[in-house]
Amino acid sequence: MGDKEIPKKQGANGSKNKKKKKRGGSKKRMTSEQTSAYNSVSEWVFLDRTHSPTADDFAIPWNQPKEKLVFELHSHSIHSDGFLSPSKLVERAHQNGVKVLSLTDHDTLSGIPEALEAASRFGIKIIPGVEISTMFTQGRDSALDEPVHILAYYSSCGPAKFDQVDKFLSSIRDGRFLRAENMILKLNKLKLPLKWEQVAKIAGKGVAPGRLHVARAMVEAGHVENLRQAFSRYLYDGGPAYATGSEPLTEEAVQFICETGGVAVLAHPWALKDPIAVVRRLKEFGLHGIEAYRSDGKLAAYSDLADSYGLLKLGGSDFHGRGGKQESEIGSVSLPMLAVHEFLKVARPIWGRAISEILENYIKYPSETNFQLIMSFGKPKVCRGISPASCPGDFMRQCLSLWLTNEETQNVEFEAIKLKLAAISTNQ
């Protein structure tokens, strides 16, 4: 009797039901709340359309098919420990249907300009990001100290107070060089000979080396069979070849992100010893969200943790491009539209204030250097009929409509900024 029941569950009828469920899922209609969120997100995603968008352009009825908006909020390139250049990363994201990509290299924003250039060819929107290495301490009990990574998401013009951000990240990168040297020394003491030149060559010119670069050198030297073995035996947190650098305290980093116009999100909380203690402390310093989604779905424990502390629930693939079954593909995390909408509801006012501060600084010091810095992050695909070289003020005034929605720019503050930018162009 049992033998007869198995075909009934797994045979033709079972397969047919499964297919029906799949087809139904792909055509599932949005609720009115989801549709409202979709329309709001779409308006922001497609600001760089060649016409000036209005609310009607994005008011898609709830029962109509909608273009899928895939957000990838955690990825790495060769500017830190990734295997692909920013342009190749953007191309890979495009192939996987990503519409919004945040490049979040470790402790550097240096790959953003190249990513933006590539994104303009593929119709992808870039959120300038960075994954900051920090150290979380539990006071007297040093056994509970551990590295914590914080994702920072900035506006289309990059961070406010860029010089301070650059100095802050440079200090961390300098510590990464010292950290890699200490890991090599520890490996040598463990009778695993490794030279600094090997690690530096793998990292690439000007790239602050991380554990992954050391692990790759170990594989090349034949000390381990693969990267996983390098980490599980030697380089894991607290492992025999593990070392720390000059990472800032986690709460200091979160506070700094908030002060420079960024959205601060706790990366991969499932890797922490005590995520509740970390979240509790960081909430006091302005933490905005935590990663609660992975390619295998929403993690209930971290979703509940986010709800408990009123935090955004985000996630990304943490794509490095190393290949293999252990890595999630870029664009593989399915963020619900409501989660994306909540993220932008929090982020856009923060980014608007940052853009205002950046432009006010340019108005005060309208130098070529300041202009090029803004354009390295915020240069859009098209600004019609205006030369950025001859009329930078007018150029940025027009760019405002591509950085912010009409509603966001139609306030007293930005109207005043537009007038000041126009005056700069007239003077020049």
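**Close-up views of a predicted model**

View 1. The model is predicted: local features need pLDDT of at least 70, side-chain atom pairs count only at pLDDT 80 or more, and totals for chains, interfaces and linings use all residues. Residues are numbered from 1 along each chain as its sequence is written, and side-chain values use heavy atoms, with hydrogens and water left out.

The largest pocket holds about 1,500 Å³ of space. Its lining counts 45 residues, and Phe231, His268, Asp318, His320 and Arg322 lie nearest the centre. (On a 1 Å grid over the protein atoms alone, a pocket is an open set of points with protein on both sides within 12 Å along at least five of seven lines; a cavity is a set where a 1.4 Å probe fits but cannot get out; lining residues have an atom within 4 Å of a point.) Grid points are joined across faces, edges and corners, and a volume is the space filled by probe spheres set on the points.

Which helix gives the most to this lining? H10 does, with five residues. Strands S3 (125-136), S4 (146-153) and S6 (289-294) each supply at least two residues, as do helices H7 (162-189), H9 (211-220) and H10 (227-235). (Helices, H or I with at least four residues, and strands, E with at least two, are DSSP runs numbered from the N terminus.)

**View 2. H9 packs against H10.** The angle is about 110 degrees, and the axes are 9 Å apart. (Axes are lines fitted to C-alpha atoms, for helices over the stretch in contact, and angles run from 0 to 180 degrees between N-to-C directions.) H9 and H10 are therefore roughly perpendicular. (Angles under 35 degrees count as roughly parallel, over 145 as roughly antiparallel, 65 to 115 as roughly perpendicular and the rest as oblique.) H9 brings Arg211, Leu212, Val214, Ala215, Arg216, Met218 and Val219 to the contact, and H10 brings Leu227, Ala230, Phe231, Tyr234 and Leu235. (Contact means heavy atoms within 4.5 Å.) By class, 10 of these residues are nonpolar, none is polar and two are charged.

**View 3. H3 meets H14.** Helix H3 (residues 32-45) packs on H14 at about 45 degrees, with axes 9 Å apart. That makes H3 oblique to H14. Among the residues in contact are Tyr38 and Trp44 of H3 and Leu344 and Trp351 of H14. The contact has nine nonpolar, three polar and two charged residues.

**View 4. H14 also packs against H15.** H14 (residues 337-364) and H15 (residues 368-378) pack at about 160 degrees, with axes 9 Å apart. The two helices are therefore roughly antiparallel. Ile358, Leu359, Asn361 and Tyr362 in H14 meet Asn370, Phe371 and Ile374 in H15. Five of the contact residues are nonpolar, two are polar and none is charged.

**View 5. The largest cavity.** The count is two cavities of 30 Å³ or more. The largest has a volume of about 80 Å³. It is lined by 13 residues, and Trp44, Ser155, Ser156, Trp351 and Trp403 are closest to its centre. H14 gives the largest share of the lining, four residues. By class, the lining has eight nonpolar, three polar and two charged residues.

Definitions and conventions
Nonpolar A, V, L, I, M, F, W, Y, C, P; charged D, E, K, R; others polar.
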